[in-house]
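Below are my notes on the model you sent. They are meant for someone opening it for the first time.

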2 protein chains.
Amino acid sequence: MITLKQLANKLNVSVSTVSKALNNSDEISEETINKIQNLAKELNYKRNKIALSLKNNKTFTLGVIIPDILNRFYAKVLHGIQKAAEETGYDIIIYSSKESLVKEIDYLNILASGTVDGVLLALSEETINKNDFAHIKNITLKDIPIVMFDRITDKISCDKVIIDDFDAIYNEVKSLVKLGRSKIGFISSISNLNVGKLRSNGFRKASVDFFGKFDSNLVLNLTNQTNNSSMKPFYNADIHKNIEQFILNNNDLDAIIAADNLSGVISINIASKLNIKIPKDLSIVGFGDKLISMLSYPKLTIINQHAVQIGQRAAELLISRINSKSTDYTFVTEIIPTTTESGSSK
Amino acid sequence: MITLKQLANKLNVSVSTVSKALNNSDEISEETINKIQNLAKELNYKRNKIALSLKNNKTFTLGVIIPDILNRFYAKVLHGIQKAAEETGYDIIIYSSKESLVKEIDYLNILASGTVDGVLLALSEETINKNDFAHIKNITLKDIPIVMFDRITDKISCDKVIIDDFDAIYNEVKSLVKLGRSKIGFISSISNLNVGKLRSNGFRKASVDFFGKFDSNLVLNLTNQTNNSSMKPFYNADIHKNIEQFILNNNDLDAIIAADNLSGVISINIASKLNIKIPKDLSIVGFGDKLISMLSYPKLTIINQHAVQIGQRAAELLISRINSKSTDYTFVTEIIPTTTESGSSK
DNA sequence: GTGAAAGCGCTAACAA
DNA sequence: TTGTTAGCGCTTTCAC
């Protein structure tokens, strides 16, 4: 790595002159500027970002902790974060807590050691289950701002970006009722997460409101409590059988809402295998996106969480928070509305 | 952020004493060490990583450029990289080139400005198509080591980690022939990428070797040349129709090999819809992993690329390269063998 | 128009 | 055992 000093030595000028010249300072003569900039270009000089960070006490880097990078939802959020970060010249450092509290703490500690200007965080499953947020309070007490998304807690006050989980399901039930569906099932692999609970609650409330009662037989819970990753149930070979049994047990079922982004696709496959006509005899709706929708036949109708947008907004919020000097900033919670989209399974 | 200086002031000792005490130097009396460490703990002091990086000219950070973070394969590679990085105390900064050459160049430039100790790179589609590698040469000329994975080029000499694309397909054909299959089709959405070409070539060679000829009617190409993302074809509604037509056009087809990790699943769905018995009348094999396999019924038999392992090995190679002082290091290319796994579609 | 010097937070050789 | 000093690469104030 070539440094200012080396440039200075080669041209017999001082370091400060070189610095000013490279910053196009008008203190420096045009001739000197050219001379210096030419050499810099020739030697492929690059400003040392680390030195700048130390000097300015600003790293132009955001830290991101997500529960699981293999979950497509979080990969999309990450993509949104990157989009927003790139536009504003920020880099991002990423950690995947793998749903572990200990890792989350470790990573937050690393991030608190000066490497980043702010933190974006979605809580790990273990953190939520153990209700332990001391490590996060710790960081909010420092000068480093934090924005939480998707997996949040009201125990911490900071900016937040979430989706309308409860309403998404509630409205989906409503919409299916409007289409004449009268026995709607609910499949979830995430009932132990806050988002999963909100979705379950939305279903429960809608059941009561539209059918006069909530029937727990109409709920299939795929969560494996001993696992600590929400993807794990899908590695379990029994999931096909569980869904098949669920459909067979409720023989006049005419709609299924899947609360995660995989069991919808699987449900379609199982129903097809059972020779159930979709959507004529059974409507299926799942969370997900366009790509996931393509993976089933007929294409799954999906509730789109707009994960990219969530990431983008969260990063934008964080960056504006970083740049705002005011101390009387009030925290906001933004809700990104879901939308139900296309597919032919509804 | 609390600093050494602040600790020193509070205790009326010098900065260097504090530094040494925090590093458990045996130059310092136990009493002082305790006093200092206690205060540090109490005030939640954290070593400033930026300052350390500048001092040591070592950031303990790896830079990663992948073509597309929304592609599950790369998300898994990333996961592997993180695993290896975490074990050795490295952080990672991630960029997604979104298959764009310009972005790839930008990101490499950022990475060349002192932020990372090494770079992990999978080339963007555009970079490969334009055959333009000057920006990478540029970085290899500096002292910063680079390891390429998956999307590589032989124009650059550095460590590389790839899979056995050609053999994977060749051997899969061989295996299907052994099972009695005599008319094998090949579906690819990535024929413009080097890995896609290798897979096509494997299929072509195997066709000649096992059937005496290569029949181009048995190849379905889903690549959309005007797009610059290998995922794009899947957002195209016609993909189902294309695959359906392909199956119908080749009416005694008894096996399909899908060269990417999505069209296998889709092919199963289409074939099921056409009432073709799988695997009795039609075997289907695709690239992918356990999770992808779960998404179809019957479960897709997959060629597993061991993406996590690729990431892990690439990161390990990079880190050992960073730590090796020797200049007469010879570059290696590691091939991570694929394995064919389970599923009931074969 | 150019240069010397201080300082961001830290470590380490050397001095006391 | 503790403190002083220099320096990592850079910017910026102040002097010349």
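**Notes on the model**

1. DNA strand C is surrounded by 24 residues, where near means a C-beta atom, placed from the backbone, within 6 Å of the strand. The closest are Ser14(A), Ser16(A), Glu27(A), Leu4(B) and Ser16(B).

2. This is a predicted model: local features need pLDDT of at least 70, side-chain atom pairs count only at pLDDT 80 or more, and totals for chains, interfaces and linings use all residues. Residues are numbered from 1 along each chain as its sequence is written, while chains are lettered from A and ligands numbered from 1 in the order in which they are written.

3. H4(B) gives the largest share, four residues.

4. Chain A can be laid on chain B with an RMSD of 0.1 Å by a turn of 180° and a shift of 0.1 Å along the axis, superposed by least squares on C-alpha atoms of residues with pLDDT of at least 70 in both. The two copies are therefore related as by a two-fold rotation axis. In chain A, the C-alpha of Ile93(A) is nearest the axis, 2.3 Å from it.

5. Leaving aside neighbours within four places in sequence, Ile257(A) is in contact (C-beta atoms, placed from the backbone, within 7 Å) with residues including Ile169(A), Glu172(A), Phe186(A) and Val285(A).

How values were computed:
Two residues are in contact if their C-beta atoms, placed from the backbone, lie within 7 Å. Helices (H or I, at least four residues) and strands (E, at least two) are DSSP runs, numbered from the N terminus.
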